[in-house]
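Visitor: I have a structure open and would like to walk through a few of its residues. Could you guide me?

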Amino acid sequence: MRITSELHVAQLVRRLFAAGDFAVVARRGADQAGAIFIVARQPGGAFQLYGPAPQSLSEESGERRFVLEPAADEAALEARLAREARFDPDFWVVEIETRDPEAFIDLAAE
């Protein structure tokens with residue numbers, strides 16, 4: 001069974017803080033099943049955007065999986081999130097600061 005979006009985000013934030021890293025919920029979505037986007041920022045300003053993996057790349061376990069999405073700069077990031085808001089306004093955005101984002105994010109196998 002898949003955990004709720006709210007619980008997944010809470011666990012992510014706690015794990016980051018426990019590791020000495022930082023996280024903030026920049027946009028709160030639907031508690032039960034809102035899509036989650038993660039903006040992983042590096043010291044110095046570089047970032048990566050992780051979005052929900054398509055169902056075809058998810059596993060049967062129900063765990064949330066993510067894929068790296070293209071976002072070259074802040075304008076591209078804002079444009080991607082604006083497109084998502086038009087499509088489904090109930091999504092989450094979590095901004096994290098860590099040197100190793102993939103230690104906290106389950107990536108889908110392609």
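Guide: Gladly! Contact here means heavy atoms within 4.5 Å of each other. Please keep in mind that this is a predicted model.

Visitor: Is S5 buried or exposed?

Guide: S5 lies in helix α1, which covers residues 5-18. Leaving aside neighbours within four places in sequence, S5 is in contact with residues including A30, D31, R64 and W92. Buried means under 20% relative accessible area. S5 has a value of 0%, so S5 is buried.

Visitor: Which residues of α2 are buried, and where do they lie on the helix?

Guide: The buried residues of α2 are L77, R80, L81 and E84. Seen down the axis of α2, they fall within an arc of 90°, so they line one face of the helix. An α-helix has 3.6 residues a turn, so residues three or four places apart point the same way. As for the place asked about, L77, R80, L81 and E84 line one face.

Visitor: Which residues are exposed on the other side of α2?

Guide: The buried residues of α2 have cover that includes β2, β3, β4 and β5. On the other side of α2, the exposed residues are A75 and R86.

Visitor: Which residue caps the N-terminal end of α2?

Guide: Look at the backbone nitrogen of A75. A side-chain oxygen lies 3.2 Å from that nitrogen, and the residue it belongs to is D73.

Visitor: What is the relative accessible area of P89?

Guide: P89 is found in the loop between α2 and β5. Not counting residues up to four places away in sequence, P89 touches R27 and E84. P89 is partly exposed, with a relative accessible area of 49%.

Key
Residues numbered from 1 in each chain as written. Predicted model: local features only at pLDDT ≥ 70, side-chain atom pairs only at ≥ 80, totals over all residues. Heavy atoms only, no water. Helix = DSSP H or I, 4+ residues; strand = E, 2+ residues; numbered from the N terminus. Buried < 20%, exposed > 50% of the residue type's maximum accessible area, 1.4 Å probe, protein only. Arc of directions from axis to C-beta. Polar contact = N/O pair within 3.5 Å; in protein donor to acceptor, adjacent residues only side chain to side chain.
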